[in-house]
Amino acid sequence: MKIKADTSVCIGAGMCALTAPEVFDQSEEDGTVVLLQESPPETLEDASRRAVTLCPSGALSLE
Amino acid sequence: MSHLSLSITRQRPLDPPDEVSGLRQRGAMHRMTFADGHLGWLVTGYTAARAVLAHPHFSNRPDLMHPLLPNRMQLAERGKFPVPRGFFLRMDPPDHTRYRRLLTGQFTVRRMKTLEPRIAEIADACLDEMEAAGGPLDLVESFALPIPSLVICELLGVPYEDRAQFQADSEILINLETEAEEALAAVGRISAYLYGLIRRKREEPADDLLSGLVEGGELDDEELTGVGFLLLVAGHETTANMLGLGTYALLTNPDQFAAMRDDPSVVDNGVEELLRYLSIIHLGPVRTALEDVEIEGALIKAGETVAVHLPVANRDPERFPGGERLDVARPAGGHLSFGHGIHQCLGQQLARAEMRIAYPALLRRLPGLRLAVSPEEVPMRSDMSIYGVHRLPVTW
């Protein structure tokens, strides 16, 4: 699994950081998504997928 | 053929109107007549609701929106309701983006975590006072309102002792019966108050969010007034009503009350389930198409207004099987109660922190909490644009 994050459309709602904190964080400055790992291990794939689905702005996608 | 108009009469206080729930059998998108005669749309399906709220061709501008209900405030809003610049909720990109970007860093998951000890302290202080006073008392006044009110005041840097006026004005603004002139006066009072506060912060900045925005230098005083207005009102009316109505829902579903009280591992999901089940934003959100858009086979023409019925969409059986029941153990993530798309609630992580602390604090301190009146006697906020209970008489 490979995750892509587009900070230009991110609105900083924080759903990803709430759902999969090992994979996503938020910038201290403007709250936009910070991808901690592009290719999360299998144990984090479910949570990562959930985070992508929950993202309100469409900033996250899977490759 | 006549088209439906929006029914707002509930047969049972925690369920959306039967007439609206019943539409689901006929699909997700329905033609509906708005209060000014405009033929627009009502969305009752979960997937369609998400699609509308996320679609870039739908605008949130009040001057494009047709009023959902025949109240004067909504009618006046279309003719340019004078909220201060900076009230960015009702804007589209790029204006909306500019304001929101300045604030998102203040409401991150991590930042809200740092507020948790203070929220717990405030909740405990409310419970100390309740225990000292003894029941019966009104849970809204003693617990549900003061927690979010004090938290948002401290975060923004608004003196809590000034709350009587802006709390009253905020209630005027979300009351569906309010006349346009009354609403204008309330907007004027809140704006004048915040403008004065911002001028003072410019002279004597403190360690709070509004001072930080003043010092950031990107917004002028009127814009700061608009931003402060939005955050102050939104920070009050939402969590307060979730705590009041949520407690009513738990008290009238004793097995769910027990689960939330006795099993700490249930609480986080239980909060999401209460958000889903109660859907306190019960009239809207509303958007207007800027261009023709097709949603689930329905062609929405440019200029047509679309109302999303969150309480019904959040009970769509395809997304939440058995969704008409409150079940704090059900996976409730993905509900639309904070909205979806670029306007999704900025303060949602604060609201979550408040509820995840306040519900268990209340239920564990007062495990024998019960209604002091019969459930039918609890006055529901059917007359307000944010649903909840006006008062919740409880004892223990």
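**Exercise 1. Which hand does the crossing of helix 8 of chain B and helix 16 of chain B have?**

Solution. Begin with the conventions. This is a predicted model, in which local features need pLDDT of at least 70, side-chain atom pairs count only at pLDDT 80 or more, and totals for chains, interfaces and linings use all residues. Residues are numbered from 1 along each chain as its sequence is written, chains are lettered from A and ligands numbered from 1 in the order in which they are written, and side-chain values use heavy atoms, with hydrogens and water left out.

Step 1. Locate the helices: helix 8 covers residues 146–156 of chain B and helix 16 covers residues 348–365 of chain B. Helices (H or I, at least four residues) and strands (E, at least two) are DSSP runs, numbered from the N terminus.

Step 2. Take the geometry. The two helices pack at an angle of about 140°, and their axes are 11 Å apart. Axes are lines fitted to C-alpha atoms, for helices over the stretch in contact, and angles run from 0 to 180 degrees between N-to-C directions.

Step 3. Name the angle. Helix 8 of chain B is therefore oblique to helix 16 of chain B. Angles under 35 degrees count as roughly parallel, over 145 as roughly antiparallel, 65 to 115 as roughly perpendicular and the rest as oblique.

Step 4. The crossing of helix 8 and helix 16 of chain B is right-handed. A crossing is left-handed if the near helix is turned anticlockwise from the far one by less than a right angle, and right-handed if clockwise.

Step 5. List the contact (heavy atoms within 4.5 Å). Helix 8 of chain B supplies B:I147, B:P148, B:V151, B:I152 and B:L155, and helix 16 of chain B supplies B:L350, B:E354 and B:A358. These residues divide into seven nonpolar, no polar and one charged. Ala, Val, Leu, Ile, Met, Phe, Trp, Tyr, Cys and Pro count as nonpolar, Asp, Glu, Lys and Arg as charged, and the others, Gly among them, as polar.

**Exercise 2. Describe how helix 8 of chain B packs on helix 12 of chain B.**

Solution. Step 1. The axes of helix 8 and helix 12 (residues 221–251) of chain B come within 8 Å and cross at roughly 155°.

Step 1. That angle makes helix 8 of chain B roughly antiparallel to helix 12 of chain B. Their crossing is right-handed.

Step 2. From helix 8 of chain B, residues including B:P148, B:I152 and B:L156 meet residues of helix 12 of chain B, among them B:G228, B:L232 and B:H236. The contact divides into eight nonpolar, five polar and no charged residues.

**Exercise 3. At what angle do helix 10 and helix 11 of chain B cross?**

Solution. Step 1. Helix 10 (residues 180–203) and helix 11 (residues 209–216) of chain B cross at roughly 65°, and their axes come within 9 Å.

Step 1. The two helices of chain B, helix 10 and helix 11, are therefore roughly perpendicular to each other. The crossing of helix 10 and helix 11 of chain B is right-handed.

Step 2. B:L197, B:I198, B:K201 and B:R202 of helix 10 of chain B touch B:L210, B:S211 and B:V214 of helix 11 of chain B.

**Exercise 4. How many salt bridges cross the interface of chain B and chain A?**

Solution. Step 1. Describe the interface. Chain B gives 20 residues to the contact and chain A gives 23 residues. The buried area is about 1600 Å², with 45% from carbon and sulfur atoms. Buried area is the accessible area (1.4 Å probe) that two parts lose on being put together, summed over both.

Step 1. Count. The rule finds three salt bridges across this interface. A salt bridge is a side-chain nitrogen of Lys or Arg within 4 Å of a carboxyl oxygen of Asp or Glu.

Step 2. Examine one of them. B:R110 pairs with A:E28, with the closest N and O atoms 3.5 Å apart. B:R110 lies in helix 5 (residues 109–113) of chain B and A:E28 in the loop between strand 2 (24–26) and strand 3 (33–35) of chain A, so the pair joins two chains.

**Exercise 5. Where does B:P94 lie, and what is its peptide bond from B:P93?**

Solution. Step 1. B:P94 is in the loop between helix 3 (72–78) and helix 4 (95–104) of chain B.

Step 1. The bond from B:P93 to B:P94 is cis, with omega near 5°.
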